[in-house]
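Me: Please take a close look at one part of this structure: the pairing of charged side chains. I would like to know where the partners sit.

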Amino acid sequence: MSKLFQNYKRAQIEFVKAEGNVLIDTEGKHYLDFSSGIGVTNLGFHPYVEAALQQQADQIWHTPNIYLNQLQEEVTEKLMGDTEYLAFFCNSGAEANEAAIKLARKATGKQEIITFKQSFHGRTFGSMSATGQDKIKHGFGDGVPHFKYAAFNDLESVKQLITTDTAAIMLELIQGESGIIIADQAFVQGLVQLCKDKNILLIVDEVQTGMGRTGKLFAFEHYHIEPDIYTLAKGLGNGVPVGAMLGKAELGPAFDYGSHGSTFGGNKLAMAASSATLNVMKSPDFLAKSFEKGEYLKRQLQEKLKDKSSVIEVRGLGHMIGIETTQPLNEAVENARSKGLIVLTAGTNVIRLLPPLTLSKEEIDQGIHILVDVLT
Ligand code: PLP
């Protein structure tokens, strides 16, 4: 009998080893990973990241944030490129979003934040309150006040919620947990203009879409926008827990001495993993090639599944793909796993694929073969 809280439904299988994009269970069975954890090990179990972790562990793996940390500076520069942002490091996506919410409120002196129905921003009280899905909040009593929920891809519904106390609009550019719902270009451009006109901050939650997941380092690059604040976690440390909140430099004074903090955030081991991850992702052509591979996967699935009666739609961007299906999701996931493929679900009727960006063409084809089999 497990002594753990039963807040997860765990498949009766344990992975004890990994090689590249393959997971190995206690029985020695091999599985091709089309999940990257849940969008975390975006480079698979990459030897370069492993070596960086081992090297850092050999030196020092933790110092608190009351001392200099050159690795944090290094990771921030790699994340920012030529743009002018400041970074705060934490340990998870929820914490990164907490930091974003706090920064937006303090920098503007306003309290309301507009988020979206079906969104997911985390499980802490702030990030849970930002989340637009009732099932996530059920039973926990009153949340943090001043969040309002607009309809996704509906600019009018956002406009209707704006008041003189609106500090920020916060969104995922692809809603991941609710079923790979992509923000329209026109909607996002409309939000940017609205924020400009009304002096409201735009926060983009890149926890799932960031770190190469959609074929760019950040999904907002597909929209040619620069959010005021964006948040990262999942793929940032390629499996080592780390989160980050990046805000435009002019917001800096709001996060002054003593205003916010984290004991573990940005520790040396996490930063070594992030730095190595970014080196791989920023190497010439890596992201462009990964985008092509993701699009190949999507197009092949669209083509091969188009006549299957159980498939409603295949959609996505880069390595973030949803297959909307009439098949019972648990059955489909278990069926795929029994054939050696690990996939995820999203919403009520979507098989979610978040494969590592490092899949070979052969591995992609192998995954497609299994998925077609499962959905036939
Ligand atoms: N934001 C988004 C878009 C997510 O997908 C998630 C996790 O799935 C989170 C926030 C929360 O991240 P974490 O579980 O690291 O707190």
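Reply: Arg 352 is buried, with a relative accessible area of 3%; buried means under 20%, exposed over 50% and partly exposed in between, using a 1.4 Å probe and protein chains only. This is a predicted model, in which local features need pLDDT of at least 70 and side-chain atom pairs pLDDT 80 or more, while totals for chains, interfaces and linings use all residues. Residues are numbered from 1 along each chain as its sequence is written, and side-chain values use heavy atoms, without hydrogens or water.

Glu 177 lies in the loop between β8 and β9 and Arg 352 in strand β17, so the pair ties together parts 175 residues apart in sequence. Strands (E, at least two residues) are DSSP runs numbered from the N terminus.

The model has 12 salt bridges by this rule. In another, Lys 148 meets Glu 112 at 3.2 Å, N to O. Because Lys 148 is in strand β6 and Glu 112 in strand β5, this pair links parts 36 residues apart in sequence. Glu 112 is buried at 13%, whereas Lys 148 is partly exposed at 23%.

In a further pair, Arg 315 and Glu 324 meet at 2.6 Å, N to O. Arg 315 is buried at 14% relative accessibility, and Glu 324 is buried at 17%. Glu 313 joins Arg 315 and Glu 324 in one network of salt bridges that share partners.

Definitions and conventions:
Salt bridge = Lys/Arg side-chain N within 4 Å of Asp/Glu carboxyl O. Helix = DSSP H or I, 4+ residues; strand = E, 2+ residues; numbered from the N terminus.
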